[in-house]
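Come and read along with me.

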Amino acid sequence: MHDHTSERLASFADVLAGELPDTWTSTYLPPDAKDELAELGDRIWDLDLIAAFLAEHSLQQAAVLSRADGAQLVLVDRHDARDGFHIAAVAPRALPDEAYRGVPEPGGITLADDPFLAAERVAEDLLARYDSALAQVRRNALDGLQPSQPDRVVLTWQPDGSVATAPADERAGAVLVAGGFVQDPHSGIYRLDGADTQAQARALRAIGPQLDTLGIATALQHPAGRSAPTAAPASGPPSPAGTRAPATRTR
């Protein structure tokens, strides 16, 4: 990859980020950032234009545009004789795959080599569809959890082996974070990873007494269709955009 190509991509992304509504920052991922590029490719939220592009071209470099609320876009070079770029939405890491079912993908678009005109198109087209899809996915994620009350935290086993909850009390949230839960800033859901089941079990045993001292009870439930709290191995990330099958996953 020639240096001028990298500089062109990074510079375009910097200007584009400054022209988009709200606050965005740009991060360039060079070819040697192989792990970051692979993880990013798995989260590109597209089954059309960008999926076809990635089926022919590996993700050798990219610029990631990030909004203050965690939304992300990925910008890549077109790899053809024409000037311009492709841009696509990035699916959030923290939300479960089930939340994406039935949500139309905010497919990517092609931009001309003019960051000012490109910003207008992204804001009017891609961002509008992305924000709508994000809102629906976040609602779906919350629908999978039984609501907690100020005096009761309901913990729900997830299909990937994690445990999730949406506490109604900030004191409970502080206990959860101290116990290893990670809060998704978009949905407000707290999630305890299930990759290490022993560590997960210790964390769950520890938070109960701590919440109890605050007068907050805990309840552990299984989602519909799950009859036992066996923690399955954490599921892998969604298939790369170029190979994702819409019949099984709409993300």
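Predicted model: local features only at pLDDT ≥ 70, side-chain atom pairs only at ≥ 80, totals over all residues.

These entries cover a sheet, the helix on it and a pair of helices.

Entry 1: I looked up the strand order and found an open sheet of 5 strands, running β1-β2-β3-β4-β5 with antiparallel pairing. Which strands stand at the edges? They are β1 (24-29) and β5 (109-111); each has a single partner strand, so one side of each is left without a neighbour in the sheet.

Entry 2: I picked β4, residues 85-90, which pairs with β5 in the antiparallel sense over 3 bridges. Here I found Phe 85 opposite Leu 111 in β5.

**Entry 3: the helix on the sheet.** Next I followed α4 (residues 115-143), which packs on the sheet. I saw that α4 touches β1, β2 (62-67), β3 (72-77), β4 and β5. Its direction makes about 165° with that of β5.

**Entry 4: two helices.** How do α5 and α6 run relative to each other, parallel or antiparallel? I looked up α5 (residues 170-178) and α6 (residues 197-213) and found that they pack at an angle of about 155°, with axes 10 Å apart. Angles over 145 degrees count as roughly antiparallel, and α5 and α6 are therefore roughly antiparallel to each other. The crossing of α5 past α6 is right-handed. On the α5 side I listed Ala 172, Val 175 and Leu 176, and on the α6 side Ile 207, Gln 210 and Leu 211. Sorted by class, this contact has 5 nonpolar residues, 1 polar and no charged ones.

Note on methods
Residues numbered from 1 in each chain as written. Heavy atoms only, no water. Pairing = 2+ DSSP bridges. Helix = DSSP H or I, 4+ residues; strand = E, 2+ residues; numbered from the N terminus. Contact = heavy atoms within 4.5 Å. Axes fitted to C-alpha atoms, helices over the stretch in contact; angles between N-to-C directions. Parallel < 35°, antiparallel > 145°, perpendicular 65-115°, else oblique. Left-handed = near helix turned anticlockwise from the far one by under 90°. Nonpolar A, V, L, I, M, F, W, Y, C, P; charged D, E, K, R; others polar.
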